[in-house]
Every structure is written in structure tokens, then in C-alpha cells.
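Please read the points below alongside the model. They are notes for a colleague.

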Amino acid sequence: MKNTMTTTALALLVALGAAPAAMAEIRIGASISATGPAAFLGDPEAKTLELLVEELNARGGIDGEKVKLVLYDDGGDPNKARTFATRLIEDDEVVAIIGGTTTGASMSILAVAEDAEVPFISLAGAIEIIKPVRPFVFKTPHTDRMACQKIFEDMQKRGFTKIGMISGTDGFGASMQAQCKDVVEDYGIEIVADETYNPTDADMTAQLTKIRNASGVQAVLNPGFGQGPSIVTRNYRQLAIDLPLYQSHGVASNGFIELAGAPAAEGVRLPGTALLVADLLAEDDPQRGIVVAYRDAFEEKTKTPVGTFGGYAHDAFLILTDAISRAGSAEPDDIRDAIEATSGLAGTTGIYSFSAEDHLGLDLSAFRMLEIRNGAWTLVD
Amino acid sequence: MSELLQFLFSGVTVGAVYALVALGFTIIYNASDVVNFAQGEFVMLGGMITWFAHQAGIPLPVAAFLAISITAAIGVAMNKLAIEPARGAPIVSLIIITIGASIFLQGAAQLVFDKQIHDFPAFSGDAPIRVGGATILPQSLWVIGGALAVFVGLWIFFTRTLLGRAVLATSNNRLAAQLVGINTNFVMTLSFALSAGIGALAGVLATPITLTAYNVGIAFALKGFAGAMLGGMGNPKGALVGGFLIGLIEALTAGYLSSQYKDAAAFVVILLVLFVRPQGLFGRKSTDRV
Amino acid sequence: MKMTPKLATLLVLGALVLLAPFLFPSNFYYRVGSLIFVNAIAVTGIVILTGYAGQISLGHAGFAGIGAYACALAPAHFGIHPALAVVLGAAISGLLAWLVGRPILRLKGYYLGVATLGLGILISMMLNNERQLTRGPDGIDVPELGMRALLKGWGLDLTNGQFWYYFCGLCMILGAWLALNLHDSPSGRALRALHGSEIAARTVGVDVARMKLQAFVISAVYASVSGSLLALQNKFITPDVAGFMHSIEMVTMAVLGGVGSVLGAIFGAAILTLLPQVLTIFAEYEQLVLGLVMMLVMIFLREGLLPSILRKLRRKGE
């Protein structure tokens, strides 16, 4: 009934030539690396967006307006990402863009979005995306820097002062490696061994042996995503290294425990999100409801374990649709203002509060230090 | 000392995978003068099909056998549909055809299976074997054993059997081979089946160590290609040595120099070897075809 | 005036660049157009190397990487204008090609393939690993060329997309003109003789090694300029530009379209640049279709798309 009335009102407005663009179907664009080297991250992101749009439209859309998702696969190629961003804006006339699985793709999209003054919510980690703050660019994942800080905080608590690092040479691993080296001194920690591996490498025992033999090393940190960290974890056990191993949020998914094998993964710590420990959250935890709902829906639909990266896409979509709904308009400018005014919005990654100076909207508290015990995630603090 | 031993173990584990891929390159090259850049996809298919069948409840050995057979059939199909019709095309066209096949197989794999990373259990458990302070996984021994067994098998095949000699004759001079009554089409079919099967075997043996996904093929193809060229294309001995050498160079560079540039070291060595011996370590001196 | 193939090629290209915008449904197509032109420049270099001289390279993206990063780094470090950085990148690429070309080009066929592949991988690895300089895999900003503002001062106000469309189009035509001149010059004839048979060319007195090296250096410069234009246009670049897949893409574009002629290769660049945009409707099948197209064209239209189509048309006309 309400719908018919809006429709009638709409028709009237159109007749009067006063229909704002907002009243048509709301078109949201996305450029994601659903294939290519970052497919491991991008695939769940794409599936999450499709799932959420379906759910939202089944509920009647945003205030009665259906949402249409225009999703492109940039294959992780920044040049393609830029082309698709141009296409989304010029050709598909979307009101906002979600995407950029990798930092390179995000940096390419943000230039286009910024020029066209269309809001863009990035799913990549690097701090450069939101620093300096650009009016139309936001992001949902924690920065790599924050992941490093969270890990070093924990190391400091355990009294470690000398650590080894083994990083992937892909964008994710290399970026986090650089950020970690940048902040490590603040925690009185010294990196005594700094090794890398290629994302396609099959054996990292040579690097790990070198790290083990570095003098005084007390713990090891492995920034990376994909199969690399699983192989590192297995090799770690093969070499019987008895130092604590830290992984990054790049592998925060049950898939990691499966691939590394529960015995090898035992005791591994990483900074993760509420998503992985949904059942351990307190009943009154503000994130509990949304985390459980997303996990169940995702795992039901895709039959694959939920992970942090799909969660980033979930949160981007949530922030965007929440902003459109609050703005009562689907004009890019209004959406931007509404996103910036987001406050206390609970997502899977954390509770988002944006401001004119802060386009990330999360702090360290959103990260939870997790430890794998008996093949399952547990909360350390 | 134990450090060096560990680096060597790491090198031969990885090198054995490269050697298996390189051996696959060699067989097809011998029969058809084609370097098959889709060789890496055979490795991927070996791993992915085995995983898929295994998680569907089929026992591992049966799943592995299925994977090798199916991949061999795909190899034969590739020969019939893409390589034979292009007979006599210039090298650059053949490169594009086989890379096209590689992209096609990847595209098919992500549709038929998925884009996640998978593995299946190691054949003889995960308990590492300790030797002189270093460790090696039982699965590594399977891979190394596999590479050596395939090499010996090929060597016997090519030198001691009539069929094997027919393959070599075909590679040396197709027309002459036909004239003496060798069914060169059958030789081609056999070579592709064998090569794809060996690639799949590499995938079956290596997946418990390297894990597998729809897009792992290209890295195997590049390293295997490099190994085969280093050893000298067309020579099984060259493929074996070249593959192991690349693995060892990578591991030793990672251990003693810089893990960041370990792949660079492998390619620098290849460039240097080719400057001195343009036909690779064990390659035949090529004769120009005018 | 007699209509030579050279003049015909240039006229066709010029007409396409100027007339295509009348058919553009939106500004987005300027972007696709300029990408086609950027790729076309690299591919013209491949025509000289592979089509004229018969040599293979699986590493030319490395030179594109040098050209691209020259535009990112030289203005910041040496304070030179981005346009000069394009020249600097081309000079470095040419020099590198000249240095490594001599030993590498003694190799034949697949051995040359693996050597150029190694060269490309080494360059892309350096761009990835030398983080202090290149900022690693996350990519680096590239300064504005500033030409659009200049044109605006002269009363020609173009959007960003339009500017790059016409500018890259112009560069492509210039590149094609140079390549066609080379084709008709004594050097070009020597190169093509070498493609036919190296031994025969040598017996008639062609300095084979020098001619091959020349083709390698020129094609490296083309790839470098193409990389520079991509970087300047995107104002941002990552090491992907130097990656193995980009090298393969260049060769595929050239050979698919018809590596024997500049126009054919540029046609190939257009097809392969457009393909992913067309295939977005069934994105899941993109790789499947791309692989299939590569195989089918090479099997059934061996000389490449354009020459095969033209021949069919001609036959019909007779």
C-alpha cells in the first residue's frame, strides 16, 4: 500500500519534471578482484555484495527503492580497475563505488571517484588510501599499520624484544612488512631477521631456518595472504620451531586452520575481527547480532567459511546503504555527507564512526587478538 | 652444517616439482617442437581433480588415478583440437595457442571447481623425518621419488623400447619417420597423454606440500620452462638436472643471500648459461632450418 | 597522389581516431579509446621486432615498466618535466635493450623466449622489491603532464578523457608512421630478409646481428613510450605494468591482429582491449572466452585477424 503511494507520488513528480535522480532504482558500482592473484580475497567480497543486495531487495530495498549492483571483475589489475571505475561513473551512472580489493586497484579507483565526486569505499589495507583524507574516499578494513600495532602490543605484553619477520612479496605482505618496520621501534622491539617469499612459493624452510638461527629471536611474524602463510605455518612445525608465531589479518578465516592443519596452527596468534569468534561474543556485544547474521547467511549460500575480507565488503555495503537511507537521497554529495556523519554503526569488522578527519572510522579496539587452540579461534584478551 | 642441509632439502623438494614439470615440457617438445605453456595447468588439474574427487568421498589413490587419467585425456584433446590443426605455424603462434589453452583451462577450472585454495592429506603422514639436524617431510620424498622414477621410466622408454625410439625419430625428422612407417599422429597423441599425465602426477604428489588452486599453473609453467631451457630443451636428463638446479639455486639464494631476489638468481643463472651455451646445459646443438 | 599502403594505413588510423568519438555513447569510451592507442604503440614495436625481424620477446613489458616508472620517479628525484621523463625512460630502455640485446639475440626461438622472459621478470622484480625507490607493489603516484592546462590556455578546453584520447591517438599515428617508414627503408628490407631466412640474409651481406639489435632497441623504445603514456594518463602506476602477463598481452595483440602489418597489429590491440569490456556481461566466462579466441584465431586465421579478413573480402570482390 505504502509502495503504491510512493509510486503514484513518484509518477506525479516525474510528470512535473521534478524527479530527483534519487527516486529511480539506486545503482551501486563495484570493481573487485574476483579473479587474478588476489582472487582469494576478492571472491568472497564479490559473493558478499551479491548476497547482500539480494537480501536487501528481498526486504524491499532502501526505503522502498530497489538497489542494483553493477559489479566488475578487475582481476587485481590497477589499470583495469581504473577503466571500470570510469565505466561505472560515466556509463553506468552509479551513485557510489565499493571495491578495490588490492591497494593498487583502490588507488586507481580513488583518483577517478575523487575527480567525479562520487563516494568510494575501499576494501584495501594501505593507510595511503585515507591519509591524507580525500573528501569522497572511505575505507572499511583496518590499516596494515594498525594490524602491526596490535601485534606488537601483544608481543610487548609477552615481553618479546627481538623478533623475526617473513613476509609475502605480494602487495598485502610487502605493504604490511613496510608498515611494521615503521612502527616496530615504538614498542621497543627489534627485527633481527627480515625474510620474504613469493606468493607462489612451495617451501619456506630455507627462510625459516635463517630466522631460527638469528641470534636472540623470540617470536616470528608472517604478513601475507593466500597459500603462503599456510605453508609457512606447516614449515614452521616441520622445523619444530618452538617460538610463538603471529599471522596477519590476511588469513583470518577458518580456511587458514584447515589448510595449515590444526596441529601446525596450534598456538598461532593473529589480530582478527569479531567475525571469527561470533559464538564467543558476549550476548550484549553490539556486534554480535550482525556478525552472526552475516556469517550464517554467507556460509549457507557459499558453503565456504566466512573470512575477514568478505566482512570488509559487508561493512562497506552496510555503511553505504545506511548512509543512503539516512540521507533520504541517492545523490553522490548527500551520500558522502551521510557517510561522514556515520556514528556508532556496528559492522563485522568493528564499530564505525567517521568524521571529517577520519575516513577509516575504526580504532585499535576493533581488532581482537585471537589464538588458535584445538583447531578453533579463541579470544586472547 | 644442518643449515646447509636444510637449504638443500628445501631446494630438492621444490626442484623435484620443477623437474617433473620440465620433463612434461620435454616429451611434447620432442614429439612436436612445441613448448606447451599449458603444462602448468596439467599440474593444477592433477591437484584440483584429486581434491575434488577426494572430498566427494573417493579414496585418495583412486582420486589420484582419476585425476591423472582425466588430465591425460585433456592433453590428448588439446593435441587433437589445438596443436595438430596448427601444424607448421610459427613459434610465436604456437606460444599463443598454448597460452590460450592455459587461460582456457584456468577459466574452466574456476567454473567447474572454485577459486579457493585446497589440499588433501599427505600420503605418509606429516611427521617430519630428521636427518643431521635438518628435517624433510615424507611427502617431499614422494615428490623426489616421483621425479626420479618418471625420469628413469622415460629414459628406458626412449632408449630401450621401439615406441620410444619412434618418438625420438619423429622429433628428429617427422617426414623420415613417416617414411619408415611410424604412425606420427599416434606418437603425438601418446606424447600429449604422457606429458599431461606426468604433469598431473606432479600435481598429485606436490599438492600436500604446495597446496593448489585454479591459478597455480602459470607459476609452475614458468619455473618448469626455465628448468627445461636451462638443461637444454628436448633432453630428459637436461630437464631433470635443470629442474633440480633451479630449486637448489632458489633455496640457496634464499638461505645465504636474499630471499627477495631468489627468483632473480635463478633467471640470472639461466641467462649466463645461455650466453655460454645457447642450447642449454645438455641440449643438442641446434641446426638451422633454412 | 599515389595511394601507397603507408599512406592508406595512416589515413585509416587518422580517420578512425577522429570519427570514432561521434559514435561514443558516453565519456567512458574516450578512456577505452586511449587505452587502445597506448597498447597500439607497444604493439607497433612488436611488429618491428617480430613481424619485420622475426624475433620473439616474452619480456617487453619490462621496458614498459621502465618507461612508466621513469615518469613516476624522474620528476620527483631530478626535478625534470614529465614529458622529459618520457624521453629519459625511452633512452634507458633503448640503452638496456642495446646492452642485453647483443648476447640475448644470438639465441633462437624458445631460448630467446626464455631469455627475454628472464629479463622482463628481473625488471618487474626490481620494481616490486626496491620499495624505497618504487614504493613496491602498492604502486606510486605519477605527476600530471600539464599539457591539458596548456591547451586550455590556447583556448582548447578538453576533458581529461578527451585529452588523453586525442593525445594518445596522435602518438599512435606518429609511431605507426615511423614504423612504416622503417618498413620501406633499406634497413627495413634487410630486416625482412632476415625474417625470411637468416642464413640467406647473411649471404647477401646483411649484418644480421646489427639488424636484429636495431629492431630490439626500437621495439623497446616503443614499449617504453607506451608505458610512460599509461602512467601519465593514470597518474598512478604499479609494477603490474612490467609483469609477465602484460608481455604476453602485447605479443598476443600483435599476433592476433596480424603481426606482419602495423594496421593488423593495431587492430589486434583494439580487439583485445575491448574484449574484457564486452565480456563483463558474462564475467565468469571471460577467461574461457579469451583463451578460446586466442586458440581459434591462431589455428584458423594464421596470419592474424586483419590480413585474413582483408583477403576474404578481396576474394569476394574478385
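**Notes on the model**

1. What covers the helix α7(A)? The cover of its buried residues includes β6 (162–168), β7, β8 (219–222) and α8 of chain A, together with α1 (2–32) and α10 (236–256) of chain B. Helices (H or I, at least four residues) and strands (E, at least two) are DSSP runs, numbered from the N terminus. A residue is buried if 20 or more other C-beta atoms lie within 10 Å of its own, exposed if 12 or fewer, and partly exposed in between, with C-beta atoms placed from the backbone. Eight of the eight residues of α7(A) are buried, so α7(A) is largely enclosed by the rest of the structure. Among them are A:Thr205, A:Gln207, A:Lys210 and A:Arg212.

2. Basis of the note. This is a predicted model; local features need pLDDT of at least 70 and side-chain atom pairs count only at pLDDT 80 or more, while totals for chains, interfaces and linings use all residues. Residues are numbered from 1 along each chain as its sequence is written, and chains are lettered from A and ligands numbered from 1 in the order in which they are written.

3. Confidence in chain A. pLDDT is the predictor's confidence in each residue, from 0 to 100. Chain A averages 86, and 93% of the residues score at least 70. Over residues 1–23 of chain A pLDDT stays under 50, and the model has 14 contacts beyond four places in sequence for that stretch. Two residues are in contact if their C-beta atoms, placed from the backbone, lie within 7 Å.

4. Overall form of chain A. Its secondary structure comes to 13 helices and 14 strands. The radius of gyration of chain A is 22 Å, close to the 21 Å that the globule rule gives for 381 residues, so chain A is as compact as a globular protein of that length. That radius is taken over C-alpha atoms, and the rule is 2.2 Å times the number of residues to the power 0.38. Along the principal axes, the C-alpha atoms of chain A fill a box of roughly 80 × 40 × 35 Å. Of the 381 residues, 60% count as buried. Among contacts in chain A between residues at least 6 apart in sequence, 67% join residues at least 24 apart.

5. Domains of chain A. The chain is divided into domain 1 (2–143 + 289–366) and domain 2 (145–278 + 367–379), with bounds that come from an automatic or database domain assignment. Their C-alpha centres lie 30 Å apart. In the contact between them, 24 residues of domain 1 meet 23 residues of domain 2. On the domain 1 side, α2, α4 (103–116), α11 (288–302) and α12 (308–327) of chain A each supply at least two residues. The largest share of that side, three residues, comes from α11(A).

6. Chain A against chain B. Here 28 residues of chain A are in contact with 31 residues of chain B. The chain A side draws at least two residues from each of α2 (39–58), β7 (190–197), α7 (205–212), α8 (227–238) and α9 (254–260) of chain A. Its largest share, five residues, comes from α7(A), the helix whose buried residues are covered in part by α1 and α10 of chain B. By class, the chain A side divides into eight nonpolar, 16 polar and four charged residues. Ala, Val, Leu, Ile, Met, Phe, Trp, Tyr, Cys and Pro count as nonpolar, Asp, Glu, Lys and Arg as charged, and the others, Gly among them, as polar.

7. Chain C against chain B. The contact takes 35 residues from chain C and 37 residues from chain B. α5 (109–129), α12 (244–257) and α14 (286–300) of chain C each supply at least two residues of the chain C side, and α5(C) gives the most, with 11 residues. That side has 22 nonpolar, nine polar and four charged residues. C:Met294 is in contact with residues including B:Ile96, B:Ile103 and C:Leu256, leaving aside its neighbours within four places in sequence.

8. Backbone points to check. The peptide bond from A:Lys131 to A:Pro132 is cis, with omega near 5°; A:Pro132 is in the loop between β4 (120–122) and β5 (137–139) of chain A. C:Arg135, a residue other than glycine, has a positive phi, near 65°. C:Arg135 is buried, with 22 other C-beta atoms within 10 Å.
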